[in-house]
Amino acid sequence: MKNFTQQQREELLLAALYEELSESERSDFEELLQKDSDFAKSYTDLQKTASFMSQREKVDPGEAFWQGYWDKLEPQLQETPTATRIIKLPNWAYQTVAAAAILLLGVFIGRSFMQPPRQVVPIDVVQAAAIEARTDAYLERSKVLLLGLVNMEQKEDLESLNFQRYQNVSRKLLNEGGHLKEAFQQPGKARLRQLVSDLEIILMQIANLDAQEDFTAIEMLQTGVERRGIMLKINLEEMQRDPVEEKKTMEIL
Amino acid sequence: MVESEKQLIARVHSDKRVFREVVEQHKQQVYYLALDLAGNHADAQDLSQEAFLKAYKAVDKFRGDSKLGSWLYRITVNCFIDMKRKRQILTTNLEDKHEAEFIGSSKSKHELAKQERGLEGAMLQKNIEKALAQLTPRERSVFVLRHYQEFSLKEIAGVLSIAEGTVKSLLFRALQRLQKELEYYRPDIGLE
């Protein structure tokens, strides 16, 4: 007798029970039925169980039920949304969308996490920038002030000016120059420091001058400015601080 | 035939009378399958109506490569499995639940038949339902389709979209479980 696995036995039992045995299965089944008493008993039990279960009766719910079936169903149909038809896109469309999504994600990650940390400007750099700006303003105002003085030619010019205002500006510039000199202590600022010192002398003279009485004092100031070459020094300093201005000056020269 | 069903189904949403026609054609099959699965009238009614609602909702998915009846059967079985998963269906209480809901003359006919059958017959039905209630939803679906709907094993595999081997395995397990459940009645049914 052939050896049958449990699964093969079960399949043979079922096929026999439901009369679905093929020719080869039938011979196997009959052989097992004759030679294996356990198999035969299993088959008999299955037959009896199936037979018992087939006594189940179906109860007709009645004509009224069948007639009212649609009437009960129809109101529910109106409440039932129909399924949305799914539009099938070609594969390349999904691939393109996926690629774009990955690209956007990469850009987002790059921007969010991989950007070099924003440079934190040290406080002394900020202070240095502020000093530079104040120096520019100081030089510009000093230059304007001195130009006004240098260009005076006679006592009438002096009378037409508000010399008091010149003196006030001089005092403010003296004050500012004192602060700036402290900032110009580091190497490379020696020339500026010297310029501020020269300007201090001139500005102090302006601040203390009684020019209303004597135009000679103005002439002495003009000589002092010229002798010390202060206007030239201011111009040179400004040129060095502003490359654009330097280029313009060189073109003129 | 299959093609004409597909054409019929294609008009369901534009013309509700078409769906009514489908329901009228298949309501008995679907209801009796639901009754075999659920075991009582009330659940069978809910189950069959839910199956038709799902079919209406998903009518676009009917590809026409199987018969409409088979498609409805599959939906009904799936609804039953879902229903069992969601709640415990009281499948054992055939008499208590469904007779009370029968209407009009059918109720009295049924009761009359029951009286004629006598207590013994009623007990038999109750025991069969009790035994069926012990099966898992999948085992019961396979058993019911084979025994009460008379589907072949291959057809069951097609309806449930499972392999024929799985059908055999589920069916054998179902029969064994029923046999065990009916042990108390072995002498009555000839099982010694």
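Reader: Is Trp66(A) buried or exposed?
Author: Trp66(A) is buried, at a relative accessible area of 5%. Buried means under 20% relative accessible area, exposed over 50% and partly exposed in between, using a 1.4 Å probe and protein chains only. This is a predicted model, where local features need pLDDT of at least 70, side-chain atom pairs count only at pLDDT 80 or more, and totals for chains, interfaces and linings use all residues. Residues are numbered from 1 along each chain as its sequence is written, chains are lettered from A and ligands numbered from 1 in the order written, and side-chain values use heavy atoms, with hydrogens and water left out.

Reader: OK, and what about Tyr31(B), buried or exposed?
Author: Tyr31(B) counts as buried, because its relative accessibility is 0%. Phe65(A) is buried too.

Reader: How do the rings of Trp66(A) and Tyr31(B) pair?
Author: Edge-to-face, 5.2 Å centre to centre with 90 degrees between the planes. Rings of Phe, Tyr and Trp (its six-membered ring) pair if their centres lie within 6.5 Å; planes under 30 degrees apart are stacked, over 60 edge-to-face, and the rest tilted.

Reader: Why does that pair join two chains?
Author: Trp66(A) lies in helix H4 of chain A and Tyr31(B) in helix H2 of chain B, so the pair joins two chains. Helices (H or I, at least four residues) are DSSP runs, numbered from the N terminus.

Reader: Which residues are in the cluster?
Author: Ring pairs link Phe65(A), Trp66(A), Tyr69(A), Tyr31(B), Tyr32(B) and Phe52(B).
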